[in-house]
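User: I would like to learn how to read a few features of a model. Where should we start?

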Amino acid sequence: MFEKYHRFISIVSILVLLIFALNVPVVVAENDESNVGKDVVPIQWENFETNLSGDEELELLNEIMSNSTHYIVNTWYEENNYDEVDDYINFGGKGEFDIRGPGMAALGIAVPIATGNYNEDKIDLSEDEAKHRAIHLITSLAHQHRTNTSDGWGGIDQGVQNDWQTPLWSYYTGFAAWLLWDDLSIEDQQNVQRMIEWEANNIPEPRYYQNEQGEILNDGNTQAEENSSWASLLGLASAMMPNHPNVNKWEDQMIDLAISSYSRPDDIQSDEVVNGRELSDVLDGSNIMNDGTVVNHGIRHPIYMLSFEQNINVALTSSLAGQETPEAIFHNADIVYHALTDIEFESPEYAAPGGTIYREDSSEIYYPEGNDWGGKFPFYFGQIDVLANVFEFDHLSNSNASTWSKLHNEEALRMQERFDDGRTYKNDEESNYELREERIAQIAGSTFLAKWIKEQGLFQITDRAYEKPSTSDGGELPNTNSGLFLNMYTGIAIILVGFVLVYYNRKKQSKS
């Protein structure tokens, strides 16, 4: 029987040899598609009250969110001509300005719909149409990801603009999808799960601004933003797929990233234990100063002191999943917030007139060494005030976070009230960030959601130990993506078998 088929086997073996010689990836059978998407546990909305009222801070946030949603679902969506596209949207590229904006916009739209706070009269678009537009963005982004489309976006190895952010873009998209999960088709649910899985399985190890000896590793740039953004994605993956075979490893890496993102030099030798981990065992460096300030873009930069909101994204996703939130995500949040409210910067060492970043009885922000993003960011700081109030990390500050929240967020609302369509910014002098309105939409949705979750009484924090996963499997993540590639050892084995079969075939021919 072997002799009957040896020619066929030989030809196949030669083809395999040629494929490996040309360095072409060989794809074997995909995972059973019927299982993809089923790892996701939808949010149990029956555990939440949709309409909450009576809280002044929540109502102010709702108003800001409605204004921003009005702009995004109408002006922004139509100016981008997305309303003229029936199929998946082609966003025109794989970089930050192609992918991040639609992801933030989708999340900004999804929150008011999912929580029952979509105001059709104020937003001037039916809820059904707004949901359709959010899903159009979500499903297009997931479809265009590299796990679902050849040469798609995703991964920090593509050499495109700010590709280290792709886990964050996947977080925005995936979170928006999870909020509207039951409205997605099975195919689109599968696309979303593959996107989240792939990004979660390919998160780098923590990065640092300076090492244990105080040597600068990334001149002028903290890695707090990177680490905390990656923690966001891992938190979402763990909340969406609590029974996934990789969940323990995702949680393990999330804890380390959260601790490292706003780590101080004093933490490196500290015996403090957070979620079962001694800081000195976790940390190989630091990302902020001991006083809580952050260096980025070569300056002490208040805007990047706010990036710990990305760690706190974990509290949103874990709470919606009915899970406890690890204490690690709040590591040093109180010290950073204290630096915003109370640390004095003396002039002329710092810009005149000196003083604190937060200004007494004012919504204005003082930037000790300037701000290269523009001059008006009250809602960025208002978000942090709400988070400090909701999650109670304002205890080191002389003023309650709720006081600052009112000042900053009322100014954010005043900025929106200048325009009929709900936008926030007038020009580049106020903010020169190209995705400024999409960013406001994302902040509005996330900040409202934090307050809304806390009002439900379902937020719980834990300092339980998150054990390191077993290393019995060599510490490798199981490959759960839909296209599994033959590994090097399998390839070598096939090549050797091919040579043997080719040799046997030629020997038989010579005898004949």
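Analyst: With residue classes: Ala, Val, Leu, Ile, Met, Phe, Trp, Tyr, Cys and Pro count as nonpolar, Asp, Glu, Lys and Arg as charged, and the others, Gly among them, as polar. The model here is predicted. In the lining of its largest cavity, three residues are nonpolar, four polar and one charged.

User: Which residues line the largest cavity, and what is its volume?

Analyst: The lining consists of Glu 309, Ile 312, Asn 313, Leu 316, Gln 383, Leu 387, Ser 446 and Thr 447. The volume is about 30 Å³. Helix α12 (309-320), α14 and α16 each contribute at least two lining residues, and α12 has the largest share, with four.

User: How do I read a nonpolar core?

Analyst: In soluble globular proteins, nonpolar side chains tend to be buried together. Here the largest nonpolar core has 136 residues, and Leu 320 is one of those with the most contacts inside it.

User: Which residues does Leu 320 touch, leaving aside those up to four places away in sequence?

Analyst: Leu 320 touches Ile 43, Trp 45, Phe 48, Phe 175, Trp 178, Leu 179, Leu 449, Trp 452 and Ile 453. Phe 175 is also among the core residues with the most contacts.

User: Why should helix α15 span 22 Å?

Analyst: The expected span is 1.5 Å times one less than the number of residues. Helix α15 (residues 401-416) has 16 residues, so it should span 22 Å, and its end C-alpha atoms are 22 Å apart, in agreement.

User: What do the buried residues of α15 pack against?

Analyst: They pack against α2 (56-79), α13 (333-341), α14 (378-391) and α16 (436-456). The buried residues of α15 include Trp 404, His 408, Glu 411 and Leu 413.

Definitions and conventions. Residues numbered from 1 in each chain as written. Predicted model: local features only at pLDDT ≥ 70, side-chain atom pairs only at ≥ 80, totals over all residues. Heavy atoms only, no water. Buried < 20%, exposed > 50% of the residue type's maximum accessible area, 1.4 Å probe, protein only. Contact = heavy atoms within 4.5 Å. 1 Å grid on protein atoms, 1.4 Å probe; cavity = no way out; pocket = protein on both sides within 12 Å on 5 of 7 lines; lining within 4 Å. Points joined across faces, edges and corners; volume = space filled by probe spheres on them. Core = buried A, V, L, I, M, F, W, Y, C linked by side-chain atoms within 4.5 Å.
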